[in-house]
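Subject: Structure handover

Hello,

Here is the structure for your files. Please open it alongside this note.

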Amino acid sequence: MAAGGGSPSIVEYFGGEDGYRCGYCKNETGNLSHGMWAHSMTVQDYQDLIDRGWRRSGKYVYKPIMNQTCCPQYTIRCQALRFQTSKSHKKVLKKMLKFISKGDVSKVVSEEEPMDSHIEDVVPSDFAYKSESQVSQTELTPLNEDHAEGAENEDKDNVETNVKKVESGSLQIPVDKDAAGPGEPSHSSKTVHAPPKPGKGADLSKPPCRKAKDIRKERKLQKLLQNQMGTLEGSPLQAGHQALLSQNSKTPTNQPKSIEDFIFVSLPDDAPHKLEVRLVPVSFEDPQFKSSFNQSATLFAKYQMAIHKDTPSECGENEFTRFLCDSPLEAENPPNGPECGYGSFHQQYWLDGKIIAVGVIDILPYCVSSVYLYYDPDYSFLSLGVYSALREIAFTRKLHEKAPDLCFYYMGFYIHSCPKMRYKGQYRPSDLLCPETYVWTPIEQCLPLLELSKYSRFNQDAKAVDEGRIKDLGRVRVLHKRTIMPYSVYKKRRKGPSDEASVQQYASLVGQTCSERMLLFRS
């Protein structure tokens, strides 16, 4: 088991939300999604949900209605262990290194660099938080077995869905021997492997460029050997020199520098600047998070007003807390996990004693998921959006050393229909999630399809279906009147109109595994 345990996830499903303003094409009602409020959530459940196209903004968890929304948003992940820095990525890393070590300020931004922030999927104003739950904590606290009489025997025809009594004070959870365990990787067997096709944008079909100095060295060596061979014509040494020439005329094998080679380089003692990256748990009980809260919130407001043109009332402390500090994820620290544990964190970039950027991330069983980035606009010349993304990839690789299953970097959504959001495809190798079968597909195979249609099914096997689809609605877990029960029992107890269509939609979107682990709150 990669992660899990503790209290189960508790969610309220709202169904398909009315269309709201799109942050990409600015359509006022074109962005359509399903939504639910997560009162609490385990990291394994959220991992499985984002592997089905869900994503969170604060405690609000949403899934775009892909074939209806104006700008389809495809979940994208980078294979962090195989990541290779591009030429433009190296420019950003070198620029930061020169600034810290020499104080060099270069404000020339490469045309290849993406927009200011690498995660722009949701801004606070995108959701009016109309779906924020008003359910009291009392209603969400399950009772112990002494107050659940009658529930366990209401469905005698299906033993697997009976509510099992456990020790007093613990949850009443249906037994299911066939359900997939929370530790089963959601990424292991769901990747399409096929030869990549030439794509469009980001020069996906071109080979890596060779350095000019390497080409000059090769030409010089060839000329020198040819001159020597002219004096050795007919001698026994000629064959040896020809072999040497043949060997050296091949393209030199250069090991490209990794991110770590740029980040963890030794700096001179008299370096004019000092950059420190601190990982802080998102919790007001954490002293570092609490002491830096005001500075962090002030920076957020400065960023939102400068970059997104928010008004002061739209980016105050309440909005900052609700959007980037409130998280449904329950912190977990299993022995086989990373030293920092799983959950929600802020990666704070401290330059010379002050915060200049904050990367909001979730550390999950199989990935680091980037939630948002905000930074001081005065330091835009450092390309902090790109730099922080590269740091987060390096961080993912570091976590992998202790947690072998953790090897992906999730960049949120890839929006091909929005040109300024295509830059995420430059972090390679990357995969996109098929919106119908939830199979990971190399981005090189997806781009030609997206050129033809902004909505596309990436899995080209016409017979393939969603393997995690709902198979038994009766086994969906429900929290009703502070008691946990399978839907088959709740359905008999419910008074009033049937809600089966809503529950069916919820279960089809979260999948059978999550529907049997999470608790669907019903009033």
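Below are the notes on its strands, helices and one aspartate.

This is a predicted model: local features need pLDDT of at least 70, side-chain atom pairs count only at pLDDT 80 or more, and totals for chains, interfaces and linings use all residues. Residues are numbered from 1 along each chain as its sequence is written, and side-chain values use heavy atoms, leaving out hydrogens and water.

Eight strands form an open sheet with mixed pairing, in the order S6-S7-S8-S9-S10-S5-S11-S12. Its edge strands are S6 (275-281) and S12 (440-442), each pairing on one side only. From one strand to the next, the twist averages 30 degrees. Helices (H or I, at least four residues) and strands (E, at least two) are DSSP runs, numbered from the N terminus. Two strands pair if DSSP finds at least two bridges between them.

Within this sheet, S5 (residues 74-79) and S10 (residues 408-414) pair in the antiparallel sense over five bridges. Glutamine 79 has phenylalanine 408 as its bridge partner in S10.

Two helices lie across these strands. H10 (residues 443-452) lies across S5, S10, S11 (430-433) and S12, at about 85 degrees to S12. Axes are lines fitted to C-alpha atoms, for helices over the stretch in contact (heavy atoms within 4.5 Å). Angles run from 0 to 180 degrees between N-to-C directions.

Now the aspartate. Aspartate 362 lies in S8 (residues 354-363). Aspartate 362 counts as buried because its relative accessibility is 0%. Buried means under 20% relative accessible area, exposed over 50%, partly exposed in between (1.4 Å probe, protein chains only). Its side chain makes a polar contact with the side chain of arginine 56 (2.8 Å). A polar contact is a pair of N or O atoms within 3.5 Å; within protein, one must be able to donate a hydrogen and the other to accept it, and residues adjacent in sequence count only if both atoms are side-chain atoms.

Last, the S13 group. S13 (residues 477-480) pairs with S14 (residues 483-486) in the antiparallel sense over four bridges. They form a hairpin with two residues between them, and lysine 481 in the turn has a positive phi of about 50 degrees. S13 also pairs with S15 (residues 519-522), in the parallel sense over three bridges. Arg477 and Leu479 point one way from S13, Val478 and His480 the other way, and all are buried.

Best wishes
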